[in-house]
Amino acid sequence: MRCKIPIILLACGSFNPITNMHLRLFEVARNHLHQTGMYQVIEGIISPVNDNYGKKELAAAKHRVAMVRLALQTSSWIRVDQWESEQKEWIETVKVLRHHYSELLRKEATNSNAGSEIPTEDIATPAYTAAPELKLLCGADILKTFQTPNLWKDEHIQEIVEKFGLVCVSRAGHDFQQYISESAILTHYQHNIHLVKNVVQSDLSATYVRQALYQGQSVKYLIPDSVISYIKDHDLYREERK
């Protein structure tokens, strides 16, 4: 029986605040990759951006990390990582991928030197023998941002799709096939872009959640209850910053 390729999914973003849709992306992506019969998702990582990202409505990283951690209390395979949020300056996405890939290689070397096997918690048979691959998990809207002048460097886009790969989940109002066809880089490396159809389409975004909170509206069932309680306890998103 063919062994499956282990995959680690990394999602970067503001998570301001984290929503149920953010969490759902991981589950949808994992389901898709498992259904191919070729891959086994072994871990998910959420990496909130640094405070110096420059977004005017951005809550402090310590709060965003704390909210993600609360939201993941019921997940057995996704974790939050603070490295990016703790840097002294904003870190480009490709550099976050490089960091986590280096950490992955370091752990692999440690496990190899110790003669131990890679942890297989929450991994169905058959077991994998190949080294894990790190892929960037994103929504289709991220592909569109690749077209925004001066937002992404072409060499960074190429490194992301060539060295790591994308797992891109469909999103209402976005055509990822069109975005790929309009980009020479994405077209060339489309074999390393996994397009995932999300049957349950939604316009839910952190922006919508913040606007609802600013207006004193309920956000129950849009974000985890634990996150709602944290927002209230820390008096977050009470008024929009000008």
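**Exercise 1. Burial and packing of H2**

Task: Determine how many of the residues of H2 are buried, and what they pack against.

Solution. Eight of the eleven residues of H2 are buried, so the helix is largely enclosed by the rest of the structure. Buried means a relative accessible area under 20%, exposed means over 50%, and partly exposed is in between, with a 1.4 Å probe and protein chains only. Helices (H or I, at least four residues) and strands (E, at least two) are DSSP runs, numbered from the N terminus. The model is predicted: local features need pLDDT of at least 70, side-chain atom pairs count only at pLDDT 80 or more, and totals for chains, interfaces and linings use all residues. Residues are numbered from 1 along each chain as its sequence is written, and side-chain values use heavy atoms, with hydrogens and water left out.

Step 1. The buried residues of H2 are Ala 61, His 63, Arg 64, Val 65, Ala 66, Met 67, Val 68 and Ala 71.

Step 2. These buried residues pack against helix H1 (20-35), E2, E3 and H9, where contact means heavy atoms within 4.5 Å.

**Exercise 2. The crossing of H2 and H9**

Task: Describe how H2 and helix H9 (residues 225-233) cross, and list the residues that meet.

Solution. Step 1. The two axes come within 8 Å and cross at roughly 150°. Axes are lines fitted to C-alpha atoms, for helices over the stretch in contact, and angles run from 0 to 180 degrees between N-to-C directions.

Step 2. That angle makes H2 roughly antiparallel to H9; the class begins over 145 degrees, while under 35 counts as roughly parallel, 65 to 115 as roughly perpendicular and the rest as oblique.

Step 3. H2 passes H9 in a right-handed crossing. A crossing is right-handed if the near helix is turned clockwise from the far one by less than a right angle, and left-handed if anticlockwise.

Step 4. From H2, Lys 62, His 63, Ala 66, Met 67, Leu 70 and Ala 71 take part, and they meet Ser 226, Val 227, Tyr 230 and Ile 231 of H9.

**Exercise 3. Aromatic pairs**

Task: State how many aromatic pairs a search of the whole structure finds, and classify Tyr 53 with Trp 90 and Tyr 101 with Phe 164.

Solution. Step 1. The search finds four aromatic pairs. Rings of Phe, Tyr and Trp (its six-membered ring) pair if their centres lie within 6.5 Å; planes under 30 degrees apart count as stacked, over 60 as edge-to-face and the rest as tilted.

Step 2. The ring centres of Tyr 53 and Trp 90 are 6.3 Å apart and the planes stand at 45°, so this pair is tilted. Tyr 53 lies in the loop between strand E2 (39-48) and helix H2 (61-71), and Trp 90 in the loop between strand E3 (78-80) and helix H3 (93-114), so the pair ties together parts that are 37 residues apart in sequence. Tyr 53 is partly exposed at 40% relative accessible area, and Trp 90 is partly exposed at 38%.

Step 3. For Tyr 101 and Phe 164, the centres are 5.8 Å apart and the planes are at 80°, so the pair is edge-to-face. The pair links distant parts of the chain, with Tyr 101 in helix H3 and Phe 164 in helix H5 (residues 154-164), 63 residues apart. Tyr 101 is partly exposed at 26% relative accessibility, whereas Phe 164 is buried at 3%.

**Exercise 4. Backbone exceptions**

Task: Examine the backbone at Phe 15, Pro 17 and Tyr 221.

Solution. Step 1. Most residues other than glycine have a negative phi, and most peptide bonds are trans.

Step 2. Phe 15 has a positive phi, near 50°. Phe 15 is in the loop between E1 and H1 and is buried at 5% relative accessibility.

Step 3. The peptide bond from Asn 16 to Pro 17 is cis, with omega near 0°. Pro 17 is in the loop between strand E1 (5-13) and H1.

Step 4. Tyr 221, in the loop between H8 and H9, has a positive phi of about 75°. Tyr 221 is exposed, with a relative accessible area of 68%. The charged end of Lys 220 sits over the ring of Tyr 221, 5.1 Å from its centre; the criterion is NZ of Lys or CZ of Arg within 6 Å of the ring centre and within 35 degrees of the ring normal.
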